[in-house]
Amino acid sequence: VVICTLSKCIPVGPTDRPQLLPTTTSATTDCDQDQNIVPGSSTATNKVGSLWPNWIHPAGLAYVELEGSDVPSSAYRKLMEALECMQCRPPPAATSVKNTSSSMITGPYVVDLGACPGGWTAVMRRMGCKVIAVDRSELASNLMEDDMVHFIKGDAFTFDPTTVAATTAAWMVSDVIAYPERVAELLETWCSNEWADYM
């Protein structure tokens with residue numbers, strides 16, 4: 001995981017996670033009241049793949065499952081675990097990207113590069129974020145219809161957020177498939193232009 005930071009993020013506490021993490025675990029432990037503590041056994045859940053290793057939680061397990069059928073891929077688990085390990089997340093937004101009097105998007109917002117089919121965008125939306133999703137292919141229909149998602153059909157490597165946004169992105173996330181050199185160039189472009197506070 002490569003993380004570039006230009007400012008502070010929002011710490012994630014137990015009350016900051018509605019819809020992202022469960023309020024209780026399915027196993028009985030002395031720590032069931034604390035969402036930051038997850039049982040140290042993958043048998044504590046009946047969903048395969050819903051607990052992944054990380055160093056924040058006891059026994060290295062974090063809950064990385066989103067409930068509902070509106071998540072178009074399972075790749076979102078990588079992003080959820082990264083956010084859990086960092087113990088921070090992007091700020092939520094109060095205004096829609098589609099119902100604004102200005103043609104330019106204002107923050108806070110998140111840019112998702114290589115967004116199709118939309119797993120990472122779905123995680124950001126569950127957190128209440130406004131998202132600019134960039135890909136050559138459209139996202140899942142529920143995300144394309146979401147007023148808080150602005151889809152741009154284009155190349156993640158050549159996208160310039162200053163063409164559509166009036167402010168710096170709070171975060172840039174990307175699960176784009178590319179050679180490491182290409183990803184390093186992408187990060188260099190975003191970092192040198194200070195297009196996002198976190199990447």
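Student: Which residues of β6 point one way, and which point the other way?

Tutor: This is a predicted model, in which local features need pLDDT of at least 70 and side-chain atom pairs count only at pLDDT 80 or more, while totals for chains, interfaces and linings use all residues. Residues are numbered from 1 along each chain as its sequence is written, and side-chain values use heavy atoms, with hydrogens and water left out. In a regular strand the side chains alternate between the two faces of the sheet. From β6, one way is taken by V131, A133 and D135, and the other way by I132 and V134.

Student: How many residues of strand β6 are buried?

Tutor: Buried means under 20% relative accessible area, exposed means over 50%, and partly exposed lies in between (1.4 Å probe, protein chains only). Strand β6 covers residues 131-135 and is largely enclosed by the rest of the structure, because the number of its residues that are buried is five of the five.

Student: In which order do the five strands of the open sheet stand?

Tutor: Strands of a sheet pair through backbone hydrogen bonds, either parallel or antiparallel. Two strands count as paired if DSSP finds at least two bridges between them. Here the pairing is parallel, and the order is β7-β6-β5-β8-β9.

Student: Which strands stand at the edges of this sheet?

Tutor: An edge strand here has a single partner strand, so one side of it is left without a neighbour in the sheet. From one strand to the next, the twist averages 30°. The strands at the edges are β7 (149-153) and β9 (196-198).

Student: Which residue is the bridge partner of V111 in β6?

Tutor: β5 and β6 run parallel and pair over four bridges. On its other pairing, β6 is joined to β7 by five bridges, with I132 opposite H150. The partner of V111 in β6 is I132.

Student: What is the handedness of the crossover from β5 to β6?

Tutor: A crossover is right-handed if, with the strands pointing away from the viewer, the path from the first strand over the helix to the second runs clockwise. In the loop between β5 and α2 lies P117, and the peptide bond from C116 to P117 is cis, with omega near 5°. The chain passes from β5 through helix α2 (residues 119-126) to β6, and this β-α-β crossover is right-handed.

Student: Which strands does helix α4 touch?

Tutor: Axes are lines fitted to C-alpha atoms, for helices over the stretch in contact (heavy atoms within 4.5 Å), and angles run from 0 to 180 degrees between N-to-C directions. The direction of α4 (residues 180-193) makes about 160° with that of β5. Strand β8 (residues 169-174) pairs with β9 over two bridges, and A169 has A196 as its bridge partner in β9. Helix α4 packs on the sheet and touches β5, β8 and β9.

Student: Which residues of helix α1 are buried?

Tutor: Helix α1 (residues 76-86) is largely enclosed by the rest of the structure, because nine of its 11 residues are buried. Just after α1, Q87 takes a positive phi of about 55°. The buried residues of α1 are Y76, R77, L79, M80, E81, A82, L83, E84 and C85.

Student: Which residues touch the most other members of the largest nonpolar core?

Tutor: A nonpolar core is a set of buried Ala, Val, Leu, Ile, Met, Phe, Trp, Tyr and Cys residues joined through side-chain atoms within 4.5 Å. The largest has 26 residues, and the elements giving it two or more residues are α1, α2, β6, β7 and β8. Another core, of 20 residues, lies apart from it and includes F159, V164, A169 and M199. In the largest core, the members that touch the most others are L79, L83, V123, M124, A133, L139 and W171.

Student: Is S103 buried or exposed?

Tutor: S103 lies in the loop between β4 (88-89) and β5 (110-113). Its C-alpha atom is 8.5 Å from that of A165, 62 residues apart along the chain. Because its relative accessibility is 71%, S103 counts as exposed.
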